[in-house]
Amino acid sequence: MTTAAPLTLDDLRGRATITIPEASIVLGLSAWAGYQAAQRGEIPVLVLGRRKVVPVPALLRMLDGEPVEEPTRLAHRNR
């Protein structure tokens with residue numbers, strides 16, 4: 001098993017979305033913990049078909065301490 005190189009905030013520039021495991025790296029979490037946090041609505045997530053992605057602008061707002069409820073609500077709409 002290989003460990004992913006740590007992503008930095010500079011790595012996120014120019015990207016609209018990242019995967020939950022990539023967001024987990026940025027947040028210092030394991031991928032499993034990242035998926036659990038996304039399921040609880042603690043990480044902003046957009047659902048595109050069967051795929052879940054983390055919008056980079058919302059993640060950056062979250063890291064700045066701002067509310068980011070919009071994408072999280074979209075993730076739970078079709079439950």
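Select G65 to begin: in this predicted model, the glycine sits just after helix α3 and takes a positive phi of about 85°. Stepping back into α3 itself, colour V56, A58 and L59, which are the buried residues of that helix. If you look down the axis of α3, these buried residues fall within an arc of 160°, so they line one face of the helix.

Next, select helix α1, residues 20-27, where I20, A23, S24 and V26 are buried. Their arc around the axis covers only 160°, which puts them on the same side of α1. An α-helix has 3.6 residues a turn, so residues three or four places apart point the same way. Beyond the end of α1, pick G28, which follows the helix and has a positive phi, near 75°.

Now show the charged side chains, among which three salt bridges are counted. Start with R15 and E22, whose closest N and O atoms lie 3.0 Å apart in a salt bridge; R15 is partly exposed at 33% relative accessible area, and E22 is partly exposed as well, at 21%. Then select D10 with R13, a salt bridge whose closest N and O atoms are 3.1 Å apart, and note that R13 counts as exposed, at 64% relative accessibility. Finish at R40 and E42, where the side chains meet in a salt bridge of 2.9 Å, N to O; here R40 is exposed, with a relative accessible area of 52%, while E42 is partly exposed, at 44%.

Conventions: Residues numbered from 1 in each chain as written. Predicted model: local features only at pLDDT ≥ 70, side-chain atom pairs only at ≥ 80, totals over all residues. Heavy atoms only, no water. Buried < 20%, exposed > 50% of the residue type's maximum accessible area, 1.4 Å probe, protein only. Helix = DSSP H or I, 4+ residues; strand = E, 2+ residues; numbered from the N terminus. Arc of directions from axis to C-beta. Salt bridge = Lys/Arg side-chain N within 4 Å of Asp/Glu carboxyl O.
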